[in-house]
Amino acid sequence: MSNWRYLPNLITAVRLAAVPLLVWWLFDRQFNNALWLFILMGLSDALDGYLAKSFGWKTALGASMDPAADKAMLIGAYVTLGALHLLPHWLVFIVILRDVAILAGSLAYNLATRRLDIQPTLISKINTVVQIVLVVAIIYSQLEFVPEVLVQALIGLTIFTTFASGLDYLMEEKFKRGARHPEKQA
């Protein structure tokens with residue numbers, strides 16, 4: 001078996017390791033560096049997923065580490081941008097609350113059924129892209145002019161996809177639960 005199969009995990013590990021540098025550069029207002037790092041981190045997420053799927057280089061470690069790296073990257077960026085008053089605190093709270101609620105609910109349910117199967121849905125993937133685009137726009141706005149209407153539209157889209165993906169996960173868990181235990185459906 002080729003060692004290349006671990007390349008997606010290495011890319012994910014580098015993305016996870018880069019989160020503290022991203023947070024540092026944001027706090028230090030090195031927005032140009034932070035912007036390029038964040039873009040590279042976002043692209044690396046797409047690259048590791050492409051490699052894992054296209055070449056069959058999927059591993060259990062990668063399946064756990066990739067969403068953790070994504071969440072660390074996004075939560076690190078959102079919390080820092082919120083602390084810098086570049087994103088509204090209530091938006092940061094909503095984004096984090098959704099992730100915590102999904103993780104806690106999925107873990108509790110899946111551990112109770114002795115299964116750990118947290119799969120991203122299409123709307124969840126769209127939400128991640130929208131959240132990434134908003135962070136890029138906010139960081140870029142510290143370097144160049146970005147129309148406020150665009151920022152507000154991205155915030156609105158982030159709110160929508162965050163709630164939609166949260167509801168989608170709840171519905172998906174309800175249907176999984178019903179499919180496993182049809183007698184318990186209400």
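The buried residues of helix H1 pack against helix H2 (31-55), helix H3 (60-83) and helix H5 (122-141), where contact denotes heavy atoms within 4.5 Å. The structure is a predicted model, in which local features need pLDDT of at least 70, side-chain atom pairs count only at pLDDT 80 or more, and totals for chains, interfaces and linings use all residues. Residues are numbered from 1 along each chain as its sequence is written, and side-chain values use heavy atoms, with hydrogens and water left out.

Helices are DSSP runs (H or I, at least four residues), numbered from the N terminus. H1 comprises 21 residues (7-27) and reaches 31 Å from its first C-alpha to its last, close to the expected 30 Å; the expected span is 1.5 Å times one less than the number of residues. At Val19, H1 bends by about 35°, and Pro20 follows within four residues; the bend is the angle between axes fitted to the seven residues ending at a position and the seven starting there.

The buried set of H1 consists of Pro8, Asn9, Ile11, Thr12, Arg15, Ala18, Val19, Leu22 and Leu26. Buried means under 20% relative accessible area, exposed over 50%, and partly exposed in between (1.4 Å probe, protein chains only).

Two loop residues adopt a positive phi. Arg29, in the loop between H1 and H2, has a positive phi of about 60° although it is not a glycine. Arg29 counts as partly exposed because its relative accessibility is 46%. His85, located in the loop between H3 and helix H4 (89-112), has a positive phi of about 65° and is likewise not a glycine. With a relative accessibility of 61%, His85 therefore counts as exposed.
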